[in-house]
Amino acid sequence: MNKSFSLCFSSFPINTCQTQHSSPHPPFGNSSTNLVSTMVCFSRIGFFWGLFLLAALACEARVLQNSGFVQTRNTQFILNGSPFFFNGFNSYWLMHISAEPSQRNKVSDVFRQASAAGLSVCRTWAFSDGGYQALQISPGVYDERVFQGLDFVISEARKNGIRLVLTLSNNYQDFGGRPQYVNWAKSAGVSVNNDDDFYINAVIKGYYKNHVKRVITRVNTITGVAYKDDPTIMAWELMNEPRCQIDYSGKTLNGWVQEMASYVKSIDNKHLLTVGMEGFYGDSLPERKPVNPGYQVGTDFISNHLIREIDFTTIHAYPDIWLNGKDDNAQMAFLQTWTTSHLTDSRTIIKKPMIFAEFGKSSKDPGYSINARDSFLNAVYTNIYSSARSGGMGGGLVWQIMAEGMESYYDGYEIVLSKNPSTSSVITQQSRRMAALDHM
């Protein structure tokens, strides 16, 4: 946002008096000519400073125009009363890197490059439970240095006109997640059977609620704005890819989502909220189960998203993992069915907008090449764009954008915009297409 502000200023010349006195004498000499020149100079200064200030106000107005909270209306995302379409990305690592001030340039670089490519929404972690460089060291105990890293992420996103989807926990043990919460309860003498007790044990649910409250009510040490009052944050996400092995129907998870969604909204009713699901179908619509890639994971795309406090639906898609061994044609056919089915259900049954929140192609796939990745992204982007035009899809978030010098974080899906010009071009083209929908 500050970027557009400075660009407006740069277009106005400030040193306008230089041509007003060609005489070798100083401008404040005794001659009437110099006096007139001086008056003209001050007159021009006043004129140009007036224009300068008007430009500042105009630029600020443009910033404020887009500074509202993203909302939903039926199956559309809305910003300041108008439809909001976007192209976005995942960068889960932002807070983790920002905890070390000497590494923050990587976060700034990614946001600048993403903004230049037209990416306007970023999904990232607002959790790190136990272990190395943890945000939450133990239940209710936080590392202020890491929290300030998250403050920096939000501040930098705002500067670059990027909105954030902040995820509050993880299904997996990476960065702690569900297993860490269960281990904390065990260490406190709570009787637990397995990681799925996360969804039903009162003590563990209390740990999670405390974390939710701590994050949402946090006051940013850089901007001075409470997270719950900051429109830079587009949405909260309850968990990254929740799964439940003890109940494949989706009912156990449904009870947890209902309880936690109500709790989040009791603290913050300004921001949108979603579950964080991959999109697997459960028991509520048996005829949709064949759309799953051959198995269930304990979620129910329909019933979990029908909960009133959940504002939009999400899907993820990794056909290279889910359909491992199948050829590219089979994987792309699955992807098409997966997207169409969920979009239809979001529109007609759930009646909420949808985000394609994770997709990518791994360099570890057999036969991988940059061209293959670009073709895959083009296919997904075309699908997202068509879905957005027909109604119900807000945008997509590619997995994942990284900065230069982050090789230790590579997972095969990494995209470094400054080093991958062809992929960057594919992404930028999609950003332009999605932005154009705002004006249709």
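**Helix crossing and cavities**

Colleague: Which hand does the crossing of α7 and α8 have?

Modeller: In this predicted model, the crossing of α7 and α8 is right-handed.

Colleague: Which residues make that contact?

Modeller: On the α7 side the contact is made by Lys205, Tyr208, Lys209, Val212, Lys213 and Ile216, while α8 brings Trp256, Glu259, Met260, Tyr263, Val264 and Ile267. Taken by class, eight of the contact residues are nonpolar and four are charged, with no polar ones.

Colleague: And at what angle do the axes cross?

Modeller: The axes of α7, residues 202–216, and α8, residues 251–267, cross at roughly 30° and come within 10 Å. Angles under 35 degrees count as roughly parallel, and α7 and α8 are therefore roughly parallel to each other.

Colleague: Switching topic, how many cavities of 30 Å³ or more are there in the whole structure?

Modeller: The search finds two, and the largest cavity holds about 50 Å³ of space.

Colleague: What lines the largest one?

Modeller: The lining of the largest cavity consists of Tyr92, Trp93, Met95, His96, Trp125, Phe127, Ser128, Gln133, Val146 and Phe175, which by class gives seven nonpolar and three polar residues, and no charged ones.

Terms used. Residues numbered from 1 in each chain as written. Predicted model: local features only at pLDDT ≥ 70, side-chain atom pairs only at ≥ 80, totals over all residues. Heavy atoms only, no water. Axes fitted to C-alpha atoms, helices over the stretch in contact; angles between N-to-C directions. Helix = DSSP H or I, 4+ residues; strand = E, 2+ residues; numbered from the N terminus. Parallel < 35°, antiparallel > 145°, perpendicular 65-115°, else oblique. Left-handed = near helix turned anticlockwise from the far one by under 90°. Contact = heavy atoms within 4.5 Å. Nonpolar A, V, L, I, M, F, W, Y, C, P; charged D, E, K, R; others polar. 1 Å grid on protein atoms, 1.4 Å probe; cavity = no way out; pocket = protein on both sides within 12 Å on 5 of 7 lines; lining within 4 Å. Points joined across faces, edges and corners; volume = space filled by probe spheres on them.
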